[in-house]
Structures are given as structure tokens and as C-alpha cells.
Amino acid sequence: MDDKVILTVAPTGAWPTKKDTPYVPLTPEEIADEVYACWKAGAAVAHIHVRDDEGRPSMSFEKFEKTVKLIRERCDIVLNLTTSGGLDFTDEDRMRPFKELKPELASYDCGSMNWMHTSVFLNTPPFLEKLGLEMQAAGVKPEVEIFDAGMIYNAEYYVKKGVLKSPVYYQFVLGAPGGIAATVENLVYLRSLIPKDAIWSAFGIGRMHLPILYATLALGGHLRVGMEDNIYYSKGFWPNPTWNSWNAPNALSWKWASPSRLPTKRGRSWDSDGRHLGRLGVPARPNGRKASLFGGTHRKERPFLSPSGVSETSTAEFSFTLTIL
Ligand SMILES: [Zn+2]
């Protein structure tokens with residue numbers, strides 16, 4: 001099992017409101033503050049949605065532009081812009097943010113599905129072909145979101161067709177009503193369907209968030225946390241100040257620290273004997289911007305090497321995945 005975890009934070013999503021939780025960040029300023037806090041806590045990737053002035057789902061280019069600018073001014077977190085900020089946007093609305101703002105990643109929802117038993121989440125074959133080719137043209141790596149097993153076969157088809165490039169970066173979404181249920185068996189099954197060289201991450205929605213998080217770690221996958229997927233640590237309990245930034249260090253401390261060292265609040269060092277979880281630098285992209293990734297067992301004074309020496313290899317893998325298109 002690899003010793004490093006790419007931690008994606010999805011702080012906003014399309015659906016949670018201030019009524020659901022006062023902590024969900026909705027404005028560009030709130031989102032940038034939250035992403036910056038998560039970056040400081042160790043998140044490597046920020047999956048960004050925006051809302052309109054009333055807090056409704058939006059694909060407003062101006063909101064994306066402002067949010068990206070505010071984040072870029074403060075940190076070099078890898079940006080992953082959604083291409084599905086709601087259910088009723090045009091193809092061009094969905095693609096303009098990544099085409100013009102050129103994040104490192106953008107979401108690619110690899111098929112259509114019935115959504116929440118109420119509507120249809122439409123990703124037609126012509127749209128998916130266009131989306132993959134436009135991402136290639138823009139130099140953006142697709143994060144291929146998989147809501148059900150059949151979508152993996154869709155992805156394979158698009159790899160053969162040249163619409164997606166190998167290695168594919170998969171994000172398994174378990175527990176969306178209308179998609180595959182959030183069970184460990186289903187996670188293992190999805191993992192069994194993808195090529196060995198694929199990079200994959202997973203999360204469970206709602207109350208299955210933590211079981212899927214633990215199982216993903218055990219299987220060697222990467223993680224996503226945040227209020228897009230789950231607003232509670234446990235029912236009725238909002239971590240303070242937010243689930244997003246609170247969960248970032250905690251998710252990894254569960255992997256790396258002994259139970260007695262679990263942190264109780266954000267920002268506290270969770271490892272008292274000098275082991276340190278920090279960010280790994282990766283080579284600058286051609287545009288001069290640095291991507292940042294999260295790394296595991298290295299010490300402060302040896303930021304690129306773990307004691308076993310595997311960090312170098314893994315760093316190369318990660319930088320390839322996220323920066324070479
Ligand atoms: Zn999303």
C-alpha cells in the first residue's frame with residue numbers, strides 16, 4: 001500500500017444550504033477562506049462548486065473566476081472545477097470555467113443517471129466526447145467520477161476512443177441515490193474493475209462517509225472529504241469550525257497516528273514524537289505554477305523522502321497523474 005494520500009476537499013457542492021449547516025461556504029470569499037484553511041491542514045486538491053447570490057447551484061463563470069483568483073492568491077492547492085454545478089446548465093456553461101481558468105483538474109461525470117429519485121443527471125455521449133476533448137485541448141486532467149459500475153466501462157470506451165487518456169484518475173462516488181450504494185463490498189468491486197495503473201479515490205455520501213473513508217485507506221486509495229458529501233461528523237454534530245478543514249488532518253491522522261494521539265481540535269499537532277504530515281512539492285508545471293500534494297511519513301527536515309525511500313517514486317507518480325496531460 002502506498003504511504004501517501006491525495007486528500008481532496010469538496011467544501012461546497014451544489015446542495016447544502018446555510019439552513020442545513022451554517023458552516024457551508026457559499027460565496028467566493030467564504031470558499032477561498034475554507035480552501036485555504038484546508039490547504040494549511042494538508043488538503044492537496046480542492047473540488048470547487050459555486051453558488052449564485054441566493055445560494056442556489058450555479059455555473060456562473062464570474063463566480064468561478066473570482067473564487068479561483070482568491071484561492072490562487074493565497075495558496076498553490078491543485079484546483080478541480082466541477083463541470084456539473086446543477087442539473088439544468090448548457091454544455092457551454094459547464095465547460096467554460098475549466099476552458100478559461102485552466103485548473104489542473106475538472107470533474108468528468110462518466111454517464112447519465114436518475115438523480116435522487118427526482119430528476120435526471122444528464123451526461124450524453126456527445127457531451128462526454130466533447131468534454132474529454134475540450135479538457136485535452138485546455139490541458140486539464142479529467143477526474144472521472146464513477147457513480148455506478150457501468151460508468152467504468154464507459155470510461156474504458158472513451159480511453160479506447162482517445163477521449164480520455166490513460167492513466168485515468170477515478171473518483172468513486174458511493175451512496176448517491178440512483179447510483180451504487182455505499183458499501184465496502186461495492187467499493188472493493190469498483191476497485192477490481194479498473195486497471196492496475198489507474199489512480200483512484202473514493203468517498204461515501206452521508207452517514208457512510210467514514211466507513212468508506214476507512215475502507216478506501218485500507219485498499220490504498222485516495223480520499224475526498226467535505227460538505228459536498230456529508231455535513232456531519234455524526235448526526236447533529238458539526239465539528240468546529242467546519243467539517244471541511246476539521247476533517248482534513250483528522251482523516252489522515254486516523255491512518256498515521258495511534259488512537260491515543262488523535263487530535264481533538266483543528267490545528268493541533270497530532271503526532272507528538274516528531275512525525276510530521278506535510279505537503280510534498282512537485283515539479284512546476286510548464287506555466288510555472290506548482291502543484292501541491294499531500295504526503296505521508298516524511299520528516300520535516302527531509303521533506304521529499306520517507307524513511308523507506310518510497311516517497312520519491314510516489315511523488316513522481318502523483319506529479320505525473322496530476323500535471324502531465
Ligand atoms: Zn462536485
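## How H3 and H4 pack

In this predicted model, helix H3 spans residues 91–101 and helix H4 spans residues 125–138. Their axes come within 10 Å and cross at roughly 15°. Angles under 35 degrees count as roughly parallel, so H3 and H4 are roughly parallel to each other. As for handedness, the crossing of H3 past H4 is right-handed.

Which residues do the meeting? On the H3 side you'll find Asp 91, Met 95, Phe 98 and Lys 99. Facing them from H4 are Phe 127, Lys 130, Leu 131, Glu 134, Met 135 and Ala 138. Sort the residues of this contact by type and you get six nonpolar and four charged, with no polar ones.

In soluble globular proteins, nonpolar side chains tend to be buried together. Here, the largest nonpolar core has 66 residues. Helix H1, residues 28–41, supplies the largest share of the core, with seven residues.

## The whole chain

Zooming out, the protein has nine helices and 14 strands. It runs to 325 residues, and 46% of them count as buried.

How far apart in sequence are the contacting residues? Taking contacts between residues at least 6 apart, 68% join residues at least 24 apart.

Notes
Residues numbered from 1 in each chain as written. Predicted model: local features only at pLDDT ≥ 70, side-chain atom pairs only at ≥ 80, totals over all residues. Core = buried A, V, L, I, M, F, W, Y, C linked by C-beta atoms within 7 Å. Buried ≥ 20, exposed ≤ 12 C-beta atoms within 10 Å, placed from the backbone. Helix = DSSP H or I, 4+ residues; strand = E, 2+ residues; numbered from the N terminus. Contact = placed C-beta atoms within 7 Å. Axes fitted to C-alpha atoms, helices over the stretch in contact; angles between N-to-C directions. Parallel < 35°, antiparallel > 145°, perpendicular 65-115°, else oblique. Left-handed = near helix turned anticlockwise from the far one by under 90°. Nonpolar A, V, L, I, M, F, W, Y, C, P; charged D, E, K, R; others polar.
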